[in-house]
Amino acid sequence: MISNYNAIKEFSVATSTFDTSSAIWLVIFLYKEHNTDYCHSPPGNIFHLKFNSEMLVRCGTENMVREWYSINTNRTEINDVARWSLEKGIIKIVSNSLYKRRHNLHGLIMKAVVVKDSLFVNVKKNGELDGIYGEIFKELSVNLNFSFDIVSEVNEHGRWNPITKTWSGAIAELYYGRADISLSEFSMTNARLNAVDFTLPILNSKDCLFFKNPKIFAIKWSSYFLTFNHSVWIAMFGVLILTSILLIFLKRKNGTNRKIRHSLSDNFLEIWGIFCQQGIAESSDRFSLRIAYFSVFFLTTVISAAYSAALISFLTTISHVLPFDSLESFVQDGTYQLAVFRGTAYYDKFANSQDLLAKKLMKLMLEENKLPLTPLEGFTSICKNQKLAIFTFDEVVKSIDPKIPCNVVRVETGHINNIAIILSKHNPFTGVINFQLQKFFENGMVNRLKNSPFNKKSNDMVKHQPVPLIGVISLFIFIQISIIITHELNPQDFIRKRPKI
């Protein structure tokens, strides 16, 4: 209750050291000054309000309730929100959503810091932003009516130094008040949450170990059996046996007097010959037998075509024999060195952790001054060093894949990386930016940007590789064994040599 000028001064002094956005206020002015109308036209920002402050103000006995807030420190914004009367109570005249009402920042200029060689933001010579995050920043500035003033460019995203108790890189610019927002992508960590504000995650990506293709391939002995699943193999052998039995009855009706066991072996060899794309030595005049043989021929043709297609698919898919398949096996292998991008959260992830696995990984880590600064530098280094692996999220590779000078493989570590925008701690505009980002998610704009050409660039083309000799060597071995067996044990020889009964 503001009853006199002294009450105004006291409340102004109290709010100068108090975060007005941490409470919800109802202020009723009962005081009227002849020279200055503090209720309708407050000078400057007398109550030290912020953009996210929630203060309702009523002037004397007026039935209009207004909200006060401030975009900058020198002006108070006033909007009508409700009518308040004894007869009808409170009648709202605006939206319930705070940031639906406060969606205009009236040309506010935010001080921004940029990380050089950022993956998802590119600042052109004319100052225009490009890249996934660059497009998002442009949409935010248009929808909320604000702009950026780039006050500094740094080489690192920033990490916490436990020895000097200081932050480095872009986070230091925000932490020490030299900037309001960073125009780059940042991984969310507990340590960083204590220093800066994060928006909603824009990207969710898997953390992986990347290293140069070791060029070790496995002989695919099982590929010839994996082309069909168990049920198909069982059905094939079932058809082979049942057809052999069925032919016994058909041939006996045709007048044959051979013993059942001899007829079964003859039929089995005939059907097996059909499955192996062989012809039949003798044919029958009976239409029923012709239908049976034709059906088997047709079935084996379809099966052979399907088998050939599946087998080619298996043989042309190169199987890499990786030296490790997890962080634990990477440590056990011990022959690789580990690298992360300098000045990122990944170094803190291992350097400041008390986890036993993290300590073991730090023993394999390159010296900090030898760590790569940019993604391209990092992947170029693992192409030059066969025994170096880099730990980062997989969206990095998607962004620079055409520029990587060698083929790299990845091993998933089971960690998920949430990547967002950062602002200075307790920034009053974090809420409205999150509100607008949520609208971008709902209308599909963020997903469209993720799939846009500047993300994939020329990586849409599939890179085909020739099949190495070792990939099909097992096929040559099987063919050689088949030739030897058929030369030594020809089923037709058994048929010719068998005495007639």
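Contact here means heavy atoms within 4.5 Å. With that in hand, I opened the notebook on this predicted model.

**Entry 1: the whole chain**

I began with how far apart in sequence the contacting residues lie. Among contacts between residues at least 6 apart in sequence, 72% join residues at least 24 apart. I then looked up the secondary structure, which comes to 19 helices and 19 strands. The chain has 501 residues, and 41% of them count as buried. For the accessible surface I noted about 28,200 Å², with 57% of that belonging to carbon and sulfur atoms.

**Entry 2: the sheet from E1 to E5**

Five strands make an open sheet in the order E1-E2-E3-E4-E5, and the pairing is mixed. Which strands stand at the edges? They are E1 and E5; each has a single partner strand, so one side of each is left without a neighbour in the sheet. From one strand to the next, the twist averages 30°.

I went through the pairs one at a time. E2 and E3 are antiparallel, with four bridges, and Arg-58 has Val-65 in E3 as its bridge partner. Strand E3 (residues 64–69) and strand E4 (residues 77–85) are also paired in the antiparallel sense, over six bridges. Here I found Glu-67 opposite Asn-79 in E4. E4 then runs antiparallel to strand E5 (residues 89–92), joined by four bridges, and Trp-84 stands opposite Ile-90 in E5. Three residues lie between E4 and E5, which form a hairpin.

A reminder to myself on what holds such strands side by side: strands of a sheet pair through backbone hydrogen bonds, in either a parallel or an antiparallel way.

**Entry 3: the sheet with E15 and E17**

I turned to another open sheet of five strands, with the order E13-E18-E15-E17-E16 and mixed pairing. Strand E13 (186–187) and strand E16 (337–339) are at its edges with a single partner strand each, so one side of each has no neighbour in the sheet.

Inside this sheet, strand E15 (residues 203–212) and strand E17 (residues 388–393) run antiparallel and are joined by five bridges. I picked out Cys-208, whose bridge partner in E17 is Thr-392. Is Cys-208 buried or exposed? It is buried, with a relative accessible area of 0%.

What lies across E15, E17 and strand E18 (408–420)? I found helix H13 (residues 375–384) there, running at about 150° to E17.

**Entry 4: disulfides**

How many disulfides does a search of the whole structure find? It finds two. Counting bonded cysteines along the chain, the pattern is 1-2, 3-4.

One of them joins Cys-39 to Cys-59, with 1.6 Å from S to S. The link of Cys-39 and Cys-59 is left-handed, at -90° about the S-S bond. Cys-39 is in the loop between strand E1 (24–29) and strand E2 (54–59), while Cys-59 is in strand E2, so the pair ties together parts 20 residues apart in sequence. I checked burial too: Cys-39 is buried at a relative accessible area of 3%, and Cys-59 counts as buried at 7%.

Cys-383 and Cys-406 also form a disulfide, with their sulfur atoms 1.9 Å apart. The torsion about the S-S bond of this pair is about -80°, so the disulfide is left-handed. Cys-383 belongs to helix H13, and Cys-406 to the loop between helix H14 (395–400) and E18, so the pair ties together parts 23 residues apart in sequence. Both Cys-383 and Cys-406 are buried.

**Entry 5: nonpolar cores**

Which residues touch the most other members of the largest nonpolar core? Among its 73 residues, they are Tyr-133 and Phe-379. Helix H3 (residues 132–144) gives this core its largest share, six residues.

I listed the neighbours of Tyr-133, leaving out residues up to four places away in sequence; they include Phe-120, Val-121, Ile-202, Leu-203, Ile-419 and Ile-421. Ser-184 and Glu-185 are among the residues that Tyr-133 touches as well.

A second, separate core has 16 residues, including Phe-29, Tyr-31, Tyr-38 and Val-57.

Terms used. Residues are numbered from 1 along each chain as its sequence is written. This is a predicted model: local features need pLDDT of at least 70, side-chain atom pairs count only at pLDDT 80 or more; totals for chains, interfaces and linings use all residues. Side-chain values use heavy atoms; hydrogens and water are left out. Two strands pair if DSSP finds at least two bridges between them. Helices (H or I, at least four residues) and strands (E, at least two) are DSSP runs, numbered from the N terminus. Axes are lines fitted to C-alpha atoms, for helices over the stretch in contact, and angles run from 0 to 180 degrees between N-to-C directions. A nonpolar core is a set of buried Ala, Val, Leu, Ile, Met, Phe, Trp, Tyr and Cys residues joined through side-chain atoms within 4.5 Å. Buried means under 20% relative accessible area, exposed over 50%, partly exposed in between (1.4 Å probe, protein chains only). Accessible areas come from the Shrake-Rupley method with a 1.4 Å probe; for residues, only the protein chains shown count as cover. A disulfide is a pair of cysteine sulfur atoms within 2.5 Å.
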